[in-house]
Structure formats: C-alpha cells, structure tokens
Amino acid sequence: MKQRIQFYSIESIWHMPLLLFLMVIYLGGTVVGAFAGILREDSQEVQQIVLHMLQTGTQTAPVLQRLAAVLCSTMAWFLLCILSGLCVPAILFCSVIIALRGFFLSFAVAVLMVAMGAKGIVLAMITLGVGAVVSVPCLLLTGAAVLDTAAELQRGQRRRYFYTLRRHRNAITICAVLSILFAALRVPLENVLLQWFAL
C-alpha cells in the first residue's frame with residue numbers, strides 16, 4: 001500500500017534532483033527576461049498598448065472567449081513540456097521550454113514595472129501572478145516527471161514514452177487542474193483592474 005501511494009504522489013517528484021535542475025534553469029530565464037525588460041526604452045508605447053489591449057479585450061470579448069484564451073495559453077506550456085519528452089535529448093528541449101517560460105514571464109513583469117510603475121506591478125500581479133504562482137511550480141514538477149520518464153527510455157523506445165509517463169499521471173493531472181483553476185481567476189479580476197485604472 002505504501003508503494004502504491006508513493007507511485008502516484010507528487011512527493012516522489014518533489015525530491016528528484018531533476019526538479020532542482022529545472023528550478024535553476026527557470027531562474028536563469030527569469031534573470032535574463034528581467035534585464036531584457038528593464039533595458040527597453042519604449043516604455044510609454046508599451047503603456048499605451050497594454051492599456052488599450054486591456055480595455056478593448058475586457059469590454060468587447062465575451063467572458064468565455066477570454067477564459068478560453070487564458071486557459072489555452074496556460075495549458076500550452078504543459079503540452080510543450082510533456083511533448084519535449086519525445087525529443088532527443090529530452091533534457092535540452094525541456095530546459096529550453098522552462099527557460100522560455102521564465103523569460104517571458106519576468107520580461108512582461110519588468111516591462112510593465114518600467115512603463116507604469118506601481119500600477120504596472122499591480123497589473124502584472126493580477127494578469128500574470130495569480131496564475132503563475134501555481135502554474136510555474138506545477139510546470140516544474142511536470143518537467144521533472146517528463147525528464148525522469150525520458151531518462152528511463154533507451155534510444156528507439158520513444159514510442160513507449162506515454163505508457164511509461166503514466167506512473168506520474170496523478171501528479172501531472174493535479175498540477176494541470178490547479179493551474180487551470182488559478183489561471184481562470186484572471187478573468188474576473190480584470191474587471192476589478194479596469195475600475196482601479198479608471199478606464
């Protein structure tokens with residue numbers, strides 16, 4: 001019974017050295033993204049574009065359409081991470097995906113902070129931070145499960161990848177569900193954000 005619980009739990013992934021490796025990769029991506037965002041010089045243009053997109057998007061797009069867009073962008077990272085296990089070497093492709101996730105997230109936060117100051121930080125926390133606070137750790141856990149599975153497959157056995165990945169299916173499912181729930185919170189919070197910006 002104890003082995004069965006460990007077989008399907010997140011705890012087994014949490015103690016993997018691969019998870020620590022992916023954390024370092026993600027941190028590197030965030031550092032590069034932050035510097036790239038801070039060094040941009042078109043802060044006023046960015047501010048106008050962001051405010052225009054936020055206003056028109058929340059006022060004209062149906063709620064279900066906005067919700068679908070947020071959920072699709074969240075799950076796209078998970079699908080790319082899982083599919084990276086089919087590539088050779090999996091550790092390279094998975095690391096690139098994790099690094100890009102950190103880069104784009106910190107880049108957006110840095111650009112908003114430089115362009116809009118305190119309001120940019122609040123904007124980033126609502127539109128990005130609410131979902132990222134859960135989706136990023138879940139993505140790292142999924143990446144560790146993917147690399148652990150790919151490491152056990154010898155060359156020419158990639159067709160058994162999804163079958164072998166099944167041992168982590170419970171952890172991956174939990175991560176996906178939590179990420180979807182927290183990402184969905186962005187849609188109702190955008191209305192509050194519009195009022196705060198007095199658009």
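I began with the rings: Trp 77, Phe 103, Phe 104 and Phe 107 form one aromatic cluster. The model is predicted, so I took local features at pLDDT of at least 70 and side-chain atom pairs at pLDDT 80 or more, while totals for chains, interfaces and linings use all residues. Residues are numbered from 1 along each chain as its sequence is written, and side-chain values use heavy atoms, with hydrogens and water left out.

**Ring pairs.** My rule pairs rings of Phe, Tyr and Trp (its six-membered ring) with centres within 6.5 Å; planes under 30 degrees apart are stacked, over 60 edge-to-face, and the rest tilted. I count 4 aromatic pairs by this rule. One of them, Trp 77 with Phe 104, is tilted, at 6.4 Å centre to centre and 50 degrees between the planes. This pair links distant parts of the chain, with Trp 77 in helix α5 (residues 63–83) and Phe 104 in helix α6, 27 residues apart. Phe 103 and Phe 104 make an edge-to-face pair, because their planes stand at 75 degrees, with centres 5.5 Å apart. Helices here are DSSP runs (H or I, at least four residues), numbered from the N terminus.

**Cover.** I call a residue buried under 20% relative accessible area, exposed over 50%, and partly exposed in between (1.4 Å probe, protein chains only). Trp 77 is buried at 18%. Phe 103 is partly exposed at 23%, and so is Phe 104 at 44%.

**Surface patch.** Next I looked up a nonpolar patch on the surface. Leu 27, Val 31, Phe 35, Ile 38, Leu 39, Met 113, Val 114, Ile 121 and Met 125 form the patch, with about 860 Å² of accessible area together. Its residues must have over 30% relative accessible area and no salt bridge, and nonpolar side chains (Val, Leu, Ile, Met, Phe, Trp, Tyr) are joined within 5 Å. A salt bridge puts a side-chain nitrogen of Lys or Arg within 4 Å of a carboxyl oxygen of Asp or Glu. Areas are Shrake-Rupley values with a 1.4 Å probe.

At least two patch residues come from each of α3 (17–38), α6 (90–116) and α7 (118–152). α3 gives the most, with 4 residues. Ile 38 lies in α3 and is partly exposed, at 43%.

**Helix α7.** I checked its length against 1.5 Å times one less than its number of residues. The 35 residues of α7 should span 51 Å, and its end C-alpha atoms are 48 Å apart, which agrees. I also noted a kink of about 50 degrees in α7, centred on Leu 128. The bend is the angle between axes fitted to the seven residues ending at a residue and the seven starting there.

Conventions. Patch = residues over 30% accessible without salt bridge, like charges linked within 9 Å, V, L, I, M, F, W, Y side chains within 5 Å.
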